[in-house]
Structure formats: C-alpha cells, structure tokens
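Subject: Structure handover

Dear colleague,

I am passing on the structure that we spoke about, and you will find it just below. After it come some notes on what turned up, written for someone who has not looked at it before.

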Amino acid sequence: MDALKKKVLVARRAPDDVLAKLAVHFEVDYHPGEMPLTPDELRTRLQGKAGAYVTGTERITAELLDACPGLKTVCTMSVGYNHIDLAACTARGVLVTNTPDVLTETTADLGFALLMATARRMSEGERLLRDGGWKSWSWDFLAGQDVYGTTLGILGMGRIGQAIARRGRFGFGMQVAYHNRSRLAADAEAELGARYLGKDELLRQADHLVLVLPYSAESHHCIAAAELALMKPTATLINIARGGIVDEDALAAALREKRIAAAGLDVFEGEPRVNPVLLGLPNIVLTPHIGSATMPTRIAMATLAADNLIAALTGTTPPTPLNPQVLPA
Ligand code: 8YV
C-alpha cells in the first residue's frame, strides 16, 4: 500500500486492464459483486475516498456528498447522469464526468434493432415458433408494420438521436422528423433531411417514434395517456432512453387496446424490475437495458471513465467533464 496514493472506490465490476491502469495511480477499493452496493454500503465505502468510479446504478445524492466530504470527483461509466445530482456536486466543488460519444453508434444500432424487431413482430414470432405454435400460413400471419420509406420520429435529437436519424434516412429511406429542446443548426437538419416539429405534431406524424431524450423532472412521464392518444394506431414506440420517460401503465393500456401497434423497450421505470402488466402483452419487445452492450463499447466506456478519474485527481483536465466550472481556472 502506498500512503501517498489517493484512494478511490470502483463501485462496480470493471475490465482488468482498467483496474490495472487505476492501480498505477490510486489505492483502489474495488466492489466486484454482481449486485450494486446499497446506499448505506456506498456511503461507508466512500469514506476517505477522493474519487468514485460509478455506473448508472449508484445514486449520488446531496446527502451522500455531505456524508463524504473528502470526495473530489465522481466519474460515471455512462452517458446518462440522472443518477447523479449534478447541481449538488457543482455546489460542493465535486467534479463529475460521464462517457459520451464512445457509445453513440452502438446505442443507435440497438435502437434501430429494437425498432425493426418491434415493427416486424420478431419476438412474438420467435415465441410462437419456440412454443410450437407455427402450424400454417395465412395472409396476415404475423403481419407487422413497414419500416422502409416510413416516417421516423425522434424525440430528443442529441448525438444518439442523430445517429438513429442517419440510419433511418440513409439505410431505410425514411422521412426524419424530430422534436428537441433546441432546434438543430440548418446544415445539420439538411444533412439528416430532418424536419423540426412540435412535440404533438411529431406524435401525430411518426410511424415509428424513438425516445432518446435525457431523463429529468421535466421529461418524467412525458409520454403518457394524452401523448399516446395522439399517435397513429399503426405506430410503434421505442424507448432506449430512461424508463421514467414513459408512463408504463398508460402504455400498457394503449397496447392492450391496440391504440398503438407495438412498443420496444430497453429501459424500465423500476429496472431491473419490469412492470408485470408489460410482461403479459404480446405486442411488445423487451430488452434488459443493453443499448451500449457490446464488448468494444463497454471497454471504451470503462476506459474513458478511468481516464476521467485519473485526470481529475492528478490535476489535468478530464476528457469529458460535465461541470468543468469546478475545475481550477
Ligand atoms: C449503461 C446507459 O448501460 O450510458 C448510459 O447512460 O444507460 C447505459 O449505456 C449504464 O447506464 C451503465 O452505467
């Protein structure tokens, strides 16, 4: 043990190379368990630590920060940071970093895969086949919705939204429409062939609506009964952002009553618990939050989180800070 090394907590399992890299700089307290630390365990393990490597499963609250006054930086291995009270961190001078960019294309791939699987009823078909239910052919057997040439609606046009737009436009001849807090620059809209619409109009026009917006108090349940009622009965809804964006009970009712055709969800409000009413519906494709889950991308995310941690605690500017205003001028 090197008394001069700063202490950090690595709160979730991480690649060996990443741990080895961190160990060069820090005394590492490592939680290799498959289950996350409880909030109490997290608070205890953060005592005396200057930095924390976390993932989306560790909540960093104002109370936790107050209980861990030595903490200087929190580096999350995720692009989303709704699990971190960023304002509380900034107010206490705690530097926060995330892992944007390295997961953009991988997550867009999953979003598009989910769209295809949902529109073409792939999970329903596989279940039927495995259960021995494939007996014959009929004209409307597992007939779903078209993807090619249809209207792709994107709610939240950040990096991942734009990557999905490119897949839709250039791969599938889709008309791209979007809504976002701020409108894209004219050249970006032109490159993607993307039309900016008000949220309600986007809901009305989309054949496939993909949710890629950040989760916040503002976006909580921003797709609920009233919004679902605006969608076409043939439309599909895809959520790869955060579960809390969709009112799952309202979605279940819309799917049950065929007010929209189908949904594809990679994220859930109480994940890893999944609302049981969703599990019973045929017209829904469910995946367990695997948007960024390829080996190369997960390694890139872990490496970037570690690089951020090393930079933050060795006096250099981290590659991807979220609150650079806390850095010394
Ligand atoms: C991660 C994610 O799987 O990056 C994000 O925001 O939601 C996912 O890529 C997860 O949060 C791991 O920290």
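To begin with the cysteines, a search through the whole structure, which is a predicted model, finds 0 disulfides. For Cys89 the reason lies in distance, because the closest cysteine sulfur, that of Cys75, is 11 Å away from the sulfur of Cys89, whereas a disulfide would need the two sulfur atoms to be within 2.5 Å. Cys89 is also buried, its relative accessible area being 0%, and Cys222 counts as buried as well, with a relative accessibility of 11%.

The next point is how the chain is divided. Between them, 7 residues of domain 1 and 5 residues of domain 2 take part in the contact.

Of the area that domain 1 buries against domain 2, 67% is supplied by Asn82, Asp101 and Thr297, which is more than any other three residues give.

Across the interface of domain 1 and domain 2, the count of salt bridges is 1. Polar contacts between domain 1 and domain 2 come to 3 residue pairs, with both residues of each pair at pLDDT 80 or more. On the side of domain 1 that touches domain 2, the residues are divided into 3 nonpolar, 3 polar and 1 charged.

Technical notes
Residues numbered from 1 in each chain as written. Predicted model: local features only at pLDDT ≥ 70, side-chain atom pairs only at ≥ 80, totals over all residues. Heavy atoms only, no water. Contact = heavy atoms within 4.5 Å. Buried area = accessible area lost by both parts, 1.4 Å probe. Salt bridge = Lys/Arg side-chain N within 4 Å of Asp/Glu carboxyl O. Polar contact = N/O pair within 3.5 Å; in protein donor to acceptor, adjacent residues only side chain to side chain. Nonpolar A, V, L, I, M, F, W, Y, C, P; charged D, E, K, R; others polar. Buried < 20%, exposed > 50% of the residue type's maximum accessible area, 1.4 Å probe, protein only.
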